[in-house]
Amino acid sequence: MGKRKKEAPLKLAPEARRIFKDLSFFYIPNDDINPVRRLQIRKAREHGVMWCRKLDEATHIIVDKKLTYTDIERQLQDDPKWSEKVLVNENYPIDCIKHRVIVNPNQSQYKISGTPTPAEKPADETELSHLDNDDASLELKPSRRKSARRPRSPVLSTQSRSQSSSQRSIALISSSKRQQNKGVTGNAQPAYAQDEVPLSEQPADTSVDDELTQCISEMKATGNSDLFSDSLMDDDDPAGPLLTDEIEVLSDSSSSDDKRPWKRRTRSSMGNSKGKNPAWQEKFICMKGGTKDHTDNNPNAETIKVLQEMLDQHTLTGDDFRIRAYRLAIATLRTQSKKICTAEEARALPNIGRIADKIEEIVTTNRLRQLEYALDDPQRKIIGLFLQIYGVGQIQAHKWVAQGFRTLDDLKNKADLNTNQKIGLEYFDDLNTRIPRQEVEALADCVKETAAIIDHNVELIIGGSYRRGADNSGDIDLIVTKKGTSSTSQLTPFLNQLVDTLTREGFLTIALAAHHGDADDTDGGSKWHGCCVLPESAFPGPRSEYRPIWRRIDILLVPQTELGAALIYFTGNDIFNRSIRLLAQKKGMRLNQRGLFGNVLRGQGNIKVNEGTLLEGRDEKKIFEILGVRWREPHERWCG
Ligand code: TTP
Ligand code: MG
């Protein structure tokens with residue numbers, strides 16, 4: 001383990017409440033990079049647990065909820081006696097702490113999905129089953145929905161205070177009894193006696209509640225999907241539902257009391273294309289826009305650079321909560337005309353919050369300790385490395401770490417890889433090299449040449465960061481459209497022919513599967529993802545510098561009737577898109593890459609109950625106009 005930030009000392013719970021005394025937890029992954037897990041480990045330690053570094057030292061194995069049995073199977077083999085230990089998901093210790101008892105771990109809500117049932121286990125494991133008496137210790141009941149202000153607990157089953165005495169059965173067995181059981185079974189697994197410490201008489205530990213609540217909201221922010229149900233849903237957004245804190249980021253709301261001013265407005269005061277925009281609309285990031293050079297000549301450029309690096313670190317660990325906080329703080333700093341030097345000055349600005357102290361640290365010491373620790377952390381480096389593989393996201397990267405893989409060679413030699421991952425690894429360097437603007441144009445010209453031969457009425461537009469004027473791009477986003485088309489299916493035969501020809505010519509090298517969660521891929525066949533290589537003859541630089549580098553290319557079919565909306569979407573950036581979509585939503589409309597729709601009715605959870613009526617799809621400028629957003633040239637759409 002590398003150097004770590006010095007943590008605040010543990011606040012040990014009073015002796016009587018150290019429910020995990022004598023227990024030792026091994027986490028999978030066994031690190032505390034993820035802030036939610038860090039808090040969970042800390043809480044468990046404060047309640048007496050020993051956090052062990054080796055699996056064979058553990059009494060309990062606590063598994064990240066995103067992992068399945070298959071993901072951890074290999075790691076479990078490190079300890080031949082793993083099956084004698086308690087194997088539970090991360091909800092388990094939280095429930096124990098909340099209820100101040102060691103709850104029965106054999107309940108379905110703590111199960112790791114895919115865990116073999118006792119019948120599937122080897123014979124020596126089933127002999128423990130007499131302890132697994134679910135009937136003797138009742139299941140914890142599903143929680144009622146808490147007050148609207150408090151995020152829903154991640155504990156899917158918590159005990160209601162009003163349960164009948166027959167339900168008060170989950171209890172912590174005394175240590176002597178535990179010893180007895182140990183003698184009987186020859187293992188250290190605790191048992192769960194009936195009626196010894198009735199759960200309903202155990203007040204929930206309110207001292208941990210606040211932190212757990214924070215933990216939960218962080219879990220929510222980091223994508224624990226079962227917690228999203230009460231978040232503001234934006235079902236058109238491929239990036240998932242919008243969270244309250246994110247809404248504040250996207251709307252760049254100031255520090256006024258009501259962070260979501262539209263909440264106070266009636267529909268009639270929402271403003272419309274003909275009337276004046278309501279005042280709150282001006283706070284949306286899409287209303288301000290931004291250019292790619294907006295940090296140049298900014299008095300806070302150095303601070304922004306360091307904060308950006310910290311943001312990148314949080315991106316590595318998927319800490320969406322902090323990603324958004326940093327983005328917001330950076331957006332605020334960008335708008336300042338004078339250098340912000342002290343935490344006090346920073347705090348006086350909107351949306352800076354706790355990052356104020358960091359701003360002062362950067363300005364006064366020219367460094368940020370937290371960033372240095374993060375850069376030094378070996379686990380984080382591994383996750384960062386894995387995330388650079390094309391098509392690999394947070395979940396996969398963490399799974400691989402949990403499976404014990406540490407290097408790209410480990411993955412190449414030992415991991416089960418899908419085609420995308422194989423290509424991502426084989427062409428790791430190529431696919432991580434940004435494409436110079438000139439080469440993007442040269443690559444697009446190759447496609448245009450072939451396209452014109454197939455159908456000279458087809459138009460190709462380079463979208464993505466290129467359209468925003470970027471000097472280099474991560475991939476080529478090529479929009480294919482044609483006058484007179486109103487559905488993608490009219491363009492599909494063209495796409496098939498184009499892909500066939502370019503593949504035969506050796507320009508397209510491989511087709512890749514679409515990512516899970518790709519934008520609105522309801523009519524499969526409307527896009528093609530893959531790799532291409534520029535032929536030497538088309539290389540824009542000196543021949544001696546030519547290398548056949550594999551580049552990522554996306555070809556997107558867009559009927560003319562949807563071109564304006566598609567251009568907005570595929571130009572981005574992502575923050576601009578989310579902001580303008582949210583604005584549409586707040587005005588009772590809906591924007592996706594097909595069009596802007598009006599009269600959209602949304603029900604509970606903000607889920608739309610009808611599709612609405614198309615207001616505009618074809619004309620990019622008109623969509624801005626209807627929304628009351630001043631026209632932003634593509635190069636003015638760098639937000640966040
Ligand atoms: P990308 O190609 O991922 O992004 P990009 O072209 O802006 O940047 P890069 O140079 O790294 O390729 O996606 C193309 C556009 O699609 C992006 O500009 C905006 C939109 N988009 C979203 O709105 N949300 C998303 O989550 C993603 C991935 C893309
Ligand atoms: Mg792109």
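The model here is a predicted one, where local features need pLDDT of at least 70 and side-chain atom pairs count only at pLDDT 80 or more, while totals for chains, interfaces and linings use all residues. Residues are numbered from 1 along each chain as its sequence is written, chains are lettered from A and ligands numbered from 1 in the order in which they are written, and side-chain values use heavy atoms, with hydrogens and water left out.

Back to the shell around ligand 1. Helices here are DSSP runs of H or I with at least four residues, numbered from the N terminus.

Polar contacts come next; these are pairs of N or O atoms within 3.5 Å, and within protein one atom must be able to donate a hydrogen and the other to accept it, with residues adjacent in sequence counting only if both atoms are side-chain atoms. Gly474 uses a backbone N or O atom, 2.8 Å from an oxygen atom of ligand 1. For Arg434, a side-chain N or O atom is 2.9 Å from an oxygen atom of the ligand. At Thr571, a polar backbone atom is 3.3 Å from a ligand 1 oxygen. On its own, ligand 1 has 560 Å² of accessible area, and the protein covers 69% of that (Shrake-Rupley method, 1.4 Å probe).

Ligand 2 is a magnesium ion, coordinated by Asp475 (OD) and Asp477 (OD) at 2.0 to 2.2 Å. Donors are N, O and S atoms within 2.8 Å of the metal (3.2 Å for Na, K and Ca), and water is not among the atoms, so sites may look incomplete.

Elsewhere, Lys399 belongs to helix 15 (residues 394-402). Lys399 counts as buried because its relative accessibility is 17%; buried means under 20% relative accessible area, exposed over 50%, and partly exposed in between (1.4 Å probe, protein chains only). The side chains of Lys399 and Asp71 are joined by a polar contact of 3.3 Å.

Key: Helix = DSSP H or I, 4+ residues; strand = E, 2+ residues; numbered from the N terminus.
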